[in-house]
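The structure is shown first, and the description follows.

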Amino acid sequence: MNLESVFEWSASLTGVFAAIAVAMNAGSRVTGAGFVVFTISSVCWIVAALMQKETPLALQNGVLFIINCVGIYRYLIRPALSTPKGAPAE
């Protein structure tokens, strides 16, 4: 298995796992974790696309990377910043 295939399979498998995590709607932490894994998937797709000179795929996943970072902020960072110390997080 070549390096490109490793990135492609990693991107595919992490993408499926992330989609399941987000679709479960099991709370902010699980959804936020899904966005973290989606971000890993996007990075893997960008690397694989650049290795194969597939600019459209790299560009698409660059945009998805930004969207996933917004999801991480919304579901993990913002709630952590607004939760008073000692109070249980969602």
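## Packing of H2 and H3

Helix H2 (residues 28–51) packs against helix H3 (residues 55–82) at an angle of about 160°, and their axes are 8 Å apart. Angles over 145 degrees count as roughly antiparallel, so H2 is roughly antiparallel to H3. The model described here is a predicted one.

The crossing that H2 makes with H3 is left-handed. Sorted by class, the contact of H2 with H3 has 17 nonpolar residues, nine polar residues and one charged residue.

## Packing of H1 and H2

Helix H1 covers residues 3–23. The axes of H1 and H2 come within 8 Å and cross at roughly 155°. That angle makes H1 roughly antiparallel to H2.

H1 and H2 also cross in a left-handed sense. Their contact holds 18 nonpolar, seven polar and two charged residues.

## Aromatic pairs

How many aromatic pairs does the structure hold? There are two. One is formed by Phe35 and Phe38, with 6.3 Å from centre to centre and 55° between the planes, and it is tilted. Phe35 and Phe38 are three residues apart in helix H2, so about one helical turn separates them.

Phe38, with a relative accessible area of 22%, is partly exposed.

Phe35 lies in helix H2 and Tyr75 in helix H3, so the pair ties together parts that are 40 residues apart in sequence. Tyr75 has a relative accessibility of 23% and therefore counts as partly exposed.

## The ring cluster

Ring pairs link Phe35, Phe38 and Tyr75 into a cluster.

Phe35 and Phe38 are both in helix H2, and Tyr75 is in helix H3. H2 and H3 are the helices that pack at about 160°.

Note on methods:
Residues numbered from 1 in each chain as written. Predicted model: local features only at pLDDT ≥ 70, side-chain atom pairs only at ≥ 80, totals over all residues. Heavy atoms only, no water. Axes fitted to C-alpha atoms, helices over the stretch in contact; angles between N-to-C directions. Helix = DSSP H or I, 4+ residues; strand = E, 2+ residues; numbered from the N terminus. Parallel < 35°, antiparallel > 145°, perpendicular 65-115°, else oblique. Left-handed = near helix turned anticlockwise from the far one by under 90°. Nonpolar A, V, L, I, M, F, W, Y, C, P; charged D, E, K, R; others polar. Phe/Tyr/Trp six-rings, centres within 6.5 Å; stacked < 30°, edge-to-face > 60°. Buried < 20%, exposed > 50% of the residue type's maximum accessible area, 1.4 Å probe, protein only.
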